[in-house]
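Welcome! Let's take a friendly walk through a protein model and look at the spaces inside it. Please keep the structure open as you read.

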Amino acid sequence: MVGYKFMGKAHSNAYRNLPFFFDLQAEPVLQAIAGRDEQGVKLAAEKMGWASYETDWRRLIERDDIDLIDIVTPNNTHAEIAIAAAEAGKHVLCEKPLAMTVEQAKRMLDAVNRNQVVHMICHNYRFAPAIQFAKKLIQEGRLGKIYHIRATYLQDWIMDPAFPLVWRLSKEVTGSGTHGDIAAHSLDLARFLVGEFSEVVGMMETFIKQRPIAEMSGGLSAKAESGKMGAVEVDDASAFLARFENGAMGVFEATRFAGGNRNGNRLEINGEKGSLRWDMENMNNLQVYFHDDEPGLQGFRTINCTEEYHPYAGAYWPAGHIIGYEHTFINLMVELMNGIDKGYSPQPNFEDGVRNQLVLEAVERSVQTGKWEKLESKM
Ligand SMILES: NC(=O)c1ccc[n+]([C@@H]2O[C@H](COP(=O)([O-])OP(=O)(O)OC[C@H]3O[C@@H](n4cnc5c(N)ncnc54)[C@H](O)[C@@H]3O)[C@@H](O)[C@H]2O)c1
């Protein structure tokens, strides 16, 4: 694993707990992590249970005792590490967004395909049992033809203008702001549940244009003491309208300026026969409405997706004994391990990463042109 902070913790925890909850043919061995700061990476290896560490990720790629490279570093490092890993014949799990640009993402896809390694992108929210169950209901036709998806991803962690300029606000490290960071998750859920995008039109805003330069950061926290200021070059909020190939309409909003919303990853889907709603902050519950329910009893019902009928949920606790954020990573890694065992790349994989990046980039283009932008239908 390359990197060891926020996602490093989430992925390490998932690898450790995976064999405890699931019986798999391939089991992860926490062989080595890489980070640039020897003291930091050594401590992280000890705390998170990795057998060894390296201070340069290239050393991981050279090692014969490593089969899978897991990339949990900032976005501008994904392409170089993933391509080098694939060229060395290692399987790759990469955090989202896959890359900084479509061009980079396509090179990554080409590298994993050419070298026939297993690849996945970590869109973990797909793996909440309630989202998997929503997918099943849609596939079974229980909602009929889909008309609408409205998805919001609302956060508020940088509302304080004194919050430092962390890597997530630096264009050369992150690519885009809220857009690639959290809208990317919403549009992955939309692709998973509704289908492929055909065209988009969007708007973006940067509310706070200067911030103190960060001296230390990890995950969503940071410190700034030097008093030096720097320019914020990425969006604080992004919103867009979308049409899907199947005729559905989409409305998307992602922001880090929705006070009171800590991780408000929510969606509602309306079809000809029914609707469903999901909210990450209450992630075990799926709200479902069916038009053919008895008159007088119609309305959204809340299903606690913790039963054996709900994908992955049966591996954990008895019904009603809820699971959390970390389990979405464990569930994703079940698929990764099955893919490695059987030799295929489970979804979401790098092809999904490229498709995601195509939508992200089309929205950015539309912000420049002020016009609707079409998606490439073929890759
Ligand atoms: N799936 C999700 O829901 C989710 C959530 C958060 C972050 N992410 C993604 O995960 C990735 C990492 O985000 P994070 O929040 O863990 O960041 P973080 O700042 O908490 O950690 C980044 C880690 O990468 C290391 N690093 C940075 N540059 C490096 C380099 N050149 N070589 C080696 N190590 C380097 C840092 O030292 C740190 O250990 C990003 O791509 C982000 O978009 C995904």
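How many nonpolar, polar and charged residues are in the lining of the largest cavity?

Sorted by class, the lining of the largest cavity has four nonpolar residues, one polar residue and four charged residues. Keep in mind as you explore that this model is predicted.

A search of the whole structure turns up one cavity of 30 Å³ or more, and the largest cavity holds about 70 Å³ of space.

## Where the ligand sits

Now turn to the ligand, which sits in the largest pocket. It is surrounded by 25 residues, and the closest are Asn75, Lys96, Trp167, Arg168 and Gly219.

This shell divides into ten nonpolar, nine polar and six charged residues. Helix H1 (6-21) and helix H8 (178-193) each supply at least two residues of the shell.

## Contacts with the ligand

Let's zoom in on some atoms. A polar side-chain atom of Trp167 is 2.8 Å from an oxygen atom of the ligand. For Phe6, a polar backbone atom lies 3.1 Å from an oxygen atom of the ligand. With Arg36, a polar side-chain atom is 3.3 Å from a nitrogen atom of the ligand.

How much of the ligand's accessible area does the protein cover? On its own the ligand has 840 Å² of accessible area, and the protein covers 91% of that.

How values were computed:
Residues are numbered from 1 along each chain as its sequence is written. This is a predicted model: local features need pLDDT of at least 70, side-chain atom pairs count only at pLDDT 80 or more; totals for chains, interfaces and linings use all residues. Side-chain values use heavy atoms; hydrogens and water are left out. A residue is near a molecule or strand if one of its heavy atoms lies within 4 Å of it. A polar contact is a pair of N or O atoms within 3.5 Å; within protein, one must be able to donate a hydrogen and the other to accept it, and residues adjacent in sequence count only if both atoms are side-chain atoms. Accessible areas come from the Shrake-Rupley method with a 1.4 Å probe; for residues, only the protein chains shown count as cover. On a 1 Å grid over the protein atoms alone, a cavity is a set of points where a 1.4 Å probe fits but cannot get out, and a pocket is an open set with protein on both sides within 12 Å along at least five of seven lines; lining residues have an atom within 4 Å of a point. A molecule sits in a cavity or pocket if more than half of its atoms lie within 2 Å of its grid points. Helices (H or I, at least four residues) and strands (E, at least two) are DSSP runs, numbered from the N terminus. Ala, Val, Leu, Ile, Met, Phe, Trp, Tyr, Cys and Pro count as nonpolar, Asp, Glu, Lys and Arg as charged, and the others, Gly among them, as polar. Grid points are joined across faces, edges and corners, and a volume is the space filled by probe spheres set on the points.
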